[in-house]
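Subject: Structure handover

Hello,

Here is the structure you were expecting. My notes on it follow below.

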Amino acid sequence: AQEYLFNTLLSAVASRGGTGLRVVANPSGGYVQPLIFWTGNVAHSGQAKTPPQQIIINPLFDLEEEAEEKFATELHEYKKSSSDTKPPTRKRYVLSNTTLPTKIRIHGENKRGMLEYNDELASDYRRLNQYKKGQGDDKENELSFFNGSPINYDRSDARLFLKRTGLSKTGSIQWDTLAQLMKDPAFIESGYMARFLFCSIGEAPSRYLDLFNENDAVEKLQESLLE
């Protein structure tokens, strides 16, 4: 499913450029777009929505693992020292199922941006305002990320300003789930899914696991992505 691979790759690559890169559509007119892609793969259950995404995203999780190990070492050294310097922060590459306040705080420590990966995109939408009895402004703030808009975050736990944001998204969703959401007027009015570039290969054949395939194409692709 090369289409699923490419669709996911758009978001993954955009996340590495993040706030450091922008698309200049019209230099003289000042028409500039952030390098942000929200993508989703749509298919029926059992039609291999997730495996192609994992092929692209796993190298980012490898970077997450390396960053976690480095952070643990730096934090250990920091606690042993008597330095007045700021404590180390952990470099991040991928977020999953993160609340809006936590996302903003992590973005404040990683100014370039990250990729949000949600295996089920429906859960990403439904979690908005889940701790505010549906009365908060999570949806509006979430949509502002698509435009790379500035954020002033002033809460009791943290105060920070981000001149630009860079949060690309990717995930998957089943046709039946998408159809149910499309029946909800609040979902349509939110414009949430209108931001996504969806990809579907239609009535794809059922996936079969080939345990004897020795093709190393996936490994080579992931190695090239890490480079």
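Which residues does Phe145 touch, not counting residues up to four places away in sequence? They are Ile36, Trp38, Leu100, Lys103, Ile104, Ile151, Thr165 and Leu167, where contact means heavy atoms within 4.5 Å.

The model is predicted, so local features need pLDDT of at least 70 and side-chain atom pairs count only at pLDDT 80 or more, while totals for chains, interfaces and linings use all residues. Residues are numbered from 1 along each chain as its sequence is written, and side-chain values use heavy atoms, with hydrogens and water left out.

Overall, the protein has eight helices and nine strands (DSSP runs numbered from the N terminus: helices are H or I with at least four residues, strands E with at least two). Of its 227 residues, 39% count as buried (under 20% relative accessible area; exposed is over 50% and partly exposed in between, with a 1.4 Å probe and protein chains only).

Cores. The largest nonpolar core holds 26 residues (a set of buried Ala, Val, Leu, Ile, Met, Phe, Trp, Tyr and Cys joined through side-chain atoms within 4.5 Å). Ile104, Phe145, Ile173, Tyr192 and Met193 touch the most other members. Among the elements giving two or more residues to this core are helix H3 (100–109), helix H5 (138–146) and strand E8 (167–174). Apart from it lies another core, of nine residues, including Ala12, Ile56, Ala67 and Leu115.

Helix packing. The axes of H1 (residues 2–17) and H2 come within 8 Å and cross at roughly 20° (lines fitted to C-alpha atoms over the stretch in contact, with angles from 0 to 180 degrees between N-to-C directions). H1 is therefore roughly parallel to H2 (under 35 degrees; over 145 is roughly antiparallel, 65 to 115 roughly perpendicular and the rest oblique). Residues of this contact include Tyr4, Leu5 and Ala12 of H1 and Ile55, Ile56 and Leu60 of H2. They divide into nine nonpolar, three polar and one charged (Ala, Val, Leu, Ile, Met, Phe, Trp, Tyr, Cys and Pro are nonpolar; Asp, Glu, Lys and Arg charged; the others, Gly among them, polar).

H2 (residues 50–80) also meets H8 (residues 217–226), with axes within 9 Å and a crossing of roughly 50°, which makes H2 oblique to H8. Gln54, Ile55 and Ile56 of H2 and Val218 and Leu221 of H8 are among the residues in contact.

Pro51 lies in H2 and, at 29% relative accessibility, counts as partly exposed.

Regards
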